Every structure is written in C-alpha cells, then in structure tokens.
Amino acid sequence: MKLNRSHRLIAMTHYLLAHPHTLVSLSYFVDRFQSARSSISEDISILKKEFPNSNIGSIETVAGASGGVIFRPSIAPDQALERVQALCQELTDNDRILPGGYFYLTDILGDPDHLRLIGQIIASRYREAGATAIMTIATKGVPLAQAVSMYLNIPFVMVRRDSKVTEGATVSINYASQGQSRVEKMELTKNSLGEGEKVLIIDDFLNGGGTITGMLSMTKEFNATCVGICVLAEVQNPDREVAFDYQSLMQVVKSQDNTQLVEVLPGGIFDDHD
C-alpha cells in the first residue's frame with residue numbers, strides 16, 4: 001500500500017514500537033509501503049532524530065545487505081529520576097507498612113501508567129545486559145516482569161512456590177528464607193527455560209533476600225546465567241548481607257521498630273545519575 005510520508009512515519013513508528021530490539025530490514029518497509037529505498041532512508045533519518053527528542057528511545061542503523069534498523073526503548077535518566085521521585089512521594093504513607101517488614105505495593109503493580117514507567121526504566125538499565133529471558137516469582141513479580149519483557153522483547157518465566165497440574169513436569173528447589181527459621185520451596189516448569197539462557201531476575205520487593213537467592217539457585221538448575229537483578233523497592237538496611245549484586249528503583253526507610261515509615265527514596269539504580 002503506497003502512502004505519503006506523514007502516513008509512512010506514523011505506520012513505521014507504530015511498527016517499531018511494537019517490535020523493540022528487533023532488526024527490521026529496510027526492504028521490509030520498501031515492500032510494505034511501495035516506496036523507494038531512498039525515501040524510506042529519509043523516513044528513518046527523521047525518526048532517528050525525533051525518537052530521542054520525544055524520550056521514546058533510539059534507532060540504530062545496521063549497515064550491509066542484511067542490515068536495517070533496530071529500535072531500542074529508553075528513558076532519559078533525569079526524567080526517570082524525576083518520575084520516580086514523584087512516585088516516592090505518592091508512597092509516603094504509614095498504612096503501607098505490613099507485618100513482617102513488608103510494604104504495600106499492590107496498587108502500584110496494578111496501575112498501567114506506573115507499570116509502563118517501571119518497565120521502561122528497568123529495560124533502559126539492562127538493555128545492554130544481553131538477557132534472553134526474565135525470571136520472576138508469582139504473583140506480585142509477574143506484572144513487573146511482563147512490563148520489562150515487552151520493552152526488551154524477550155520472554156519471561158514465572159517461578160511458583162506451589163506446583164500446578166497445568167504446569168506439567170517441574171524442577172523444584174529448597175532454599176532458606178532469610179531472617180526466618182524455615183525452608184521454602186519454589187518450582188519452575190522444565191520446558192520454560194532453556195539451557196544456557198541469560199536471565200534477568202525481577203522482583204517486587206527485597207527484604208532479607210531469600211527469594212532472590214532461591215531464584216539464583218533455580219537458574220543454576222537450568223545451567224543458565226544471571227545477568228542482572230532488579231527490584232521495584234527494598235527496605236533500606238545497611239546490615240543486610242546478600243551474596244548478589246542488585247539494583248532497586250526505590251528504598252523504603254522505616255523506623256527501627258519497623259512500625260513507622262520515615263521516607264521513600266529513589267533506589268540504587270539512580271546512583272550513577274549526575
């Protein structure tokens with residue numbers, strides 16, 4: 001279907017947004033829009049300039065006969081920090097403190113605008129990590145993992161604490177729940193993660209670190225490699241000892257008796273922000 005430039009730009013933008021981190025050949029657009037290759041190249045040049053200006057991401061061009069363009073979603077660090085600071089203010093409420101040292105985030109995990117922002121920030125941070133899959137644990141980690149997977153255009157797998165008949169054969173591990181004197185179990189369907197995958201672990205909240213430690217053990221069961229760990233929020237605890245590196249979008253500061261919320265701050269993912 002032959003279109004004029006303005007219509008082509010709209011259609012190309014829509015296609016690229018729906019296919020992030022995917023090499024799209026110029027020939028595809030030439031055939032689709034029945035336009036000269038030079039015209040398509042000019043269209044790409046316009047989008048390549050406008051995407052960063054609109055804080056959508058960047059477009060990379062790949063030269064050669066098998067080349068084309070790749071859209072990489074991202075958000076400017078200053079805008080990401082500004083929006084997370086606003087989210088931190090929104091979460092400053094003592095009623096969000098839950099028994100066991102946890103923090104109420106369910107409303108955030110169900111809000112499309114917040115999920116888009118969180119997914120874009122995490123995907124921007126880890127877009128060069130080479131992840132081929134995302135791992136999370138049911139249930140609250142699922143919307144986060146799904147949001148990030150859409151921006152990185154990679155699948156996500158869901159670890160469960162209890163098996164489901166519909167999941168088929170599973171791999172199960174036992175792990176120590178840090179800060180508690182009990183052993184927990186988690187399971188993952190055998191065919192959900194391939195051997196040698198590069199895994200980005202996503203979770204909603206970090207308290208003692210036991211759940212993430214369990215997911216790290218699960219990746220080893222599949223001979224997979226963890227290339228990054230990110231949580232939406234963590235309890236600020238200078239005495240916490242964990243055997244892994246991670247990033248957080250927010251830090252929850254509580255009183256020593258865990259009954260009062262002091263403040264919510266941007267997390268370590270912004271430590272490199274000038």
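Predicted model: local features only at pLDDT ≥ 70, side-chain atom pairs only at ≥ 80, totals over all residues.

Visitor: Into which domains is the protein chain divided?

Guide: The chain comprises domain 1, spanning 5–73, and domain 2, spanning 77–270. Taken over C-alpha atoms, their centres are separated by 33 Å.

Visitor: How many residues of each domain are in contact with the other?

Guide: In domain 1, 9 residues are in contact with 9 residues of domain 2.

Visitor: How should I express the size of such an interface?

Guide: It is often given as the accessible area that is lost when the parts come together. Here, domain 1 and domain 2 bury about 700 Å² between them, and 37% of that area is on carbon and sulfur atoms. His21, Asn55 and Pro73 supply 61% of the area that domain 1 buries against domain 2, more than any other three residues.

Visitor: How many salt bridges and polar contacts are there between the two domains?

Guide: Between domain 1 and domain 2 there are 0 salt bridges, but 5 residue pairs are in polar contact. On the side of domain 1 that touches domain 2, the residues comprise 5 polar, 3 nonpolar and 1 charged.

Visitor: How many cavities of 30 Å³ or more does a search of the whole structure find?

Guide: The search finds 1 cavity of that size. The largest cavity holds about 50 Å³ of space. Its lining includes Met158, Arg160, Asp162 and Lys164, together with Glu167, Glu187 and Leu188.

Technical notes:
Residues numbered from 1 in each chain as written. Heavy atoms only, no water. Domains from an automatic or database assignment. Contact = heavy atoms within 4.5 Å. Buried area = accessible area lost by both parts, 1.4 Å probe. Salt bridge = Lys/Arg side-chain N within 4 Å of Asp/Glu carboxyl O. Polar contact = N/O pair within 3.5 Å; in protein donor to acceptor, adjacent residues only side chain to side chain. Nonpolar A, V, L, I, M, F, W, Y, C, P; charged D, E, K, R; others polar. 1 Å grid on protein atoms, 1.4 Å probe; cavity = no way out; pocket = protein on both sides within 12 Å on 5 of 7 lines; lining within 4 Å. Points joined across faces, edges and corners; volume = space filled by probe spheres on them.
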